[in-house]
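Subject: Structure for you to look at

Dear colleague,

Here is the structure I promised to pass on, with its sequence. Please open it first, and then read my notes below.

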Amino acid sequence: MIRFSDEQIMVRDMVSKLAKEKVRPIAIEADRKHDFNPELLKILHENGLLGLLLPIELGGGNADLTTCCLTVEELSSVDGSVGISYATHTTGLFFVVDWTTDTQKKEYYEKVSRDGAYFGVALTEPNAGSDAASIKTRAVRSGDQYLISGNKVMITNAGVADVFMVFAVTGPGERDKGISAFIVDRDVPGLSFGKEEEKMAMAGSSTRELIFDNAEVPAKNLLHAEGKGFEIVMSEFMKSRMLVASMALGIARGAFEEAVRYAKERTQFGKSISEFQGVQFMIADMAMNIELTRRMIYTTSEYIGHERVGKEVAPYAAMSKCFASDMAMKVTTDAVQILGGYGIMKEYPVERMMRDAKVTQIIEGTNQVQRIIIARDALRR
Ligand SMILES: Cc1cc2nc3c(=O)[nH]c(=O)nc-3n(C[C@H](O)[C@H](O)[C@H](O)COP(=O)(O)OP(=O)(O)OC[C@H]3O[C@@H](n4cnc5c(N)ncnc54)[C@H](O)[C@@H]3O)c2cc1C
């Protein structure tokens, strides 16, 4: 029902095929082992997905936000862990596309297109989650470098990424006005990584702590200007929240497809369970909610587009992320219900999808935080 461009359809169909044929088998195994499989990076790189945002002349796809959302949706429809990992990489690249100088772009675009560099984004700290302006990680200028000290927790791709967008305080006591953003290569002296977190969900993605102990980051790796970090991260949240919304949509769609397939195959009381109205109504509600969410996401992603965006789109990105993730939680729970006891068994993917859906209600600003943004806007009008 939504009209996509020829390019968007081409990428979506290519990723859909890739997800089903190559990603799904690896993903199921990664969830069981609670381990990110580096083979996925190879697959994503070989198929041009790591550089989707890059200019055509560098072998990229010059993709817009909608294309990125379609890609995340397709990957997440087979596995949320690949979805979160790839969405985080894409968010990291959005910072580079939108906020770096030509020299910085040249260096990091080349790292992606030539070496398949993978990105992570490090904002959250042990005592600063929803209240991101209260981060304590400190960056002090020392000659031609910054010395960064502090800890970042729950960082997706921490064990596999080559480059991190890192947020640290350069102006203590100034809260959001004192935060700066840096591009940090994983091998800078003074940066180390904590143990792999054991997670209930997104178990096939890497989540670790980043430990900065006077980490030496070249001054040229500052993004934009000192004190602009919070403005930068808030601006990119509009796009990254759309990626999380697409992740939720993909997870819900994957669970829905499994539930429909199962309902047609399973027989009870001498009939296919798909003939029972109680099951049909659940399927109808799932289909409606998925379709509504799809329209919300892709209308918003087209509106947000490809450029740097202003605060006016914040409530729409928040609505998409919040609605899509709540919808995914409901749809995946109902999918488990349709599979009955088998829905709980690891042999079927819906229990994994239900676990993964939960994460989408928490990351990139919890759904309470999204509701604050939406309500504030509604009350201001
Ligand atoms: C799998 C996973 C991957 C992640 N990846 C990354 C990553 O790559 N990079 C990164 O920087 N972070 C990452 N995070 C961290 C994530 O962004 C935070 O968990 C999230 O922002 C919430 O912060 P918190 O966990 O500290 O919860 P808190 O902020 O402590 O919130 C706890 C509870 O209080 C509620 N709450 C807080 N403030 C308010 C308020 N004002 N009004 C109402 N309710 C409120 C919250 O909604 C929540 O229910 C990841 C987390 C997970 C689980």
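This is a predicted model: local features need pLDDT of at least 70, side-chain atom pairs count only at pLDDT 80 or more; totals for chains, interfaces and linings use all residues.

For the classes used in these notes, Ala, Val, Leu, Ile, Met, Phe, Trp, Tyr, Cys and Pro count as nonpolar, Asp, Glu, Lys and Arg as charged, and the others, Gly among them, as polar.

Turning to the chain, the domain assignment divides it into domain 1 (6–118), domain 2 (120–227) and domain 3 (230–380). The C-alpha centres of domain 1 and domain 3 are 21 Å apart, and 23 residues of domain 1 are in contact with 26 residues of domain 3. On the side of domain 1 that touches domain 3, the elements giving two or more residues are α3 (65–78) and α4 (80–99), and it is α3 that gives the most, with eleven residues. By class, the residues on this side of domain 1 comprise eleven nonpolar, seven polar and five charged.

I also looked at a pair of strands. Strand β4 (residues 163–169) pairs with β5 in the antiparallel sense over seven bridges, and within this pairing A168 stands opposite S180 in β5. Of the seven residues of strand β5 (residues 179–185), six are buried, so β5 is largely enclosed by the rest of the structure.

As for the chain as a whole, there are ten helices and nine strands. Its radius of gyration is 21 Å, close to the 21 Å that the globule rule gives for 381 residues, so the chain is as compact as a globular protein of that length. Along the principal axes, the C-alpha atoms of the chain fill a box of roughly 80 × 50 × 40 Å. Of the 381 residues, 49% count as buried, and among contacts between residues at least 6 apart in sequence, 75% join residues at least 24 apart.

With best regards

Definitions and conventions
Residues are numbered from 1 along each chain as its sequence is written. Domain bounds come from an automatic or database domain assignment. Two residues are in contact if their C-beta atoms, placed from the backbone, lie within 7 Å. Helices (H or I, at least four residues) and strands (E, at least two) are DSSP runs, numbered from the N terminus. A residue is buried if 20 or more other C-beta atoms lie within 10 Å of its own, exposed if 12 or fewer, and partly exposed in between; C-beta atoms are placed from the backbone. Two strands pair if DSSP finds at least two bridges between them. The radius of gyration is taken over C-alpha atoms; the globule rule is 2.2 Å times the number of residues to the power 0.38.
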